[in-house]
Amino acid sequence: PAGAGSTTIGTFSCWFKLSELASARGGDYQTFYSVKDSTNKRFVISIDDSDRLFIGNYTTGGWDFLLNTTRKFRDISAWYHLCVKIDTTQGTDTNRVKVYVNGVQETVFDTGTYPSASFALSMFVADVTEIGRYAPTSNQPSDFYLSESVAIDGTALDPTSFAEFDEDSGIWKPIDVSGLT
């Protein structure tokens, strides 16, 4: 990016369809969005080598926050919509990072360590930002289809800003996001 953005508030949304399970990749994650700054702080949204969503921020010494779903993503024929809504200024820790898949909030995590109040994320720093690849290791490209990938700096948006349930079929479907800034 040309410059740094908010360190406390943002949203990432994308539609994805796996071509290969992360568990079949020999330890490589399927990364949607990752950032590595000059001090080696990292922010990552991916599917881990156990096929679970993995969202966290790492600094030297460990993960500042880490959410790892219990739910596994193993249907390589399905399109999924992912929305990660972050606002570390929220008073309640579970409101600081919310994860939605196909419009439904994920609430069950194998690892559920939320960021501290007003924690400064590496999500929108003016440094190496990758979509579809893990920023610290550029030789780990992901193997999936990715569509309508949107990163919103400074605003924590709900999944309904990116998709809606079809009135007739009840299927979660994309909407026009061209007006989002």
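A polar contact is a pair of N or O atoms within 3.5 Å; within protein, one must be able to donate a hydrogen and the other to accept it, and residues adjacent in sequence count only if both atoms are side-chain atoms.

Entry 1, basis. I worked with a predicted model, in which local features need pLDDT of at least 70, side-chain atom pairs count only at pLDDT 80 or more, and totals for chains, interfaces and linings use all residues. Residues are numbered from 1 along each chain as its sequence is written, and side-chain values use heavy atoms, with hydrogens and water left out.

I located E106 in strand β8, residues 104-106 (strands are DSSP runs of E, at least two residues, numbered from the N terminus). E106 is buried, at a relative accessible area of 9% (buried means under 20%, with a 1.4 Å probe and protein chains only). Its side chain forms a polar contact of 2.7 Å with that of R71. Leaving out residues up to four places away in sequence, I found E106 touching T69, R71, V99, Y100 and V101 (contact means heavy atoms within 4.5 Å).

I traced an open sheet of six strands in the order β9-β5-β4-β3-β2-β10, with antiparallel pairing (two strands pair if DSSP finds at least two bridges between them). β4 and β5 pair over seven bridges; F54 has N68 of β5 as its bridge partner.

Notes
Helix = DSSP H or I, 4+ residues; strand = E, 2+ residues; numbered from the N terminus. Buried < 20%, exposed > 50% of the residue type's maximum accessible area, 1.4 Å probe, protein only.
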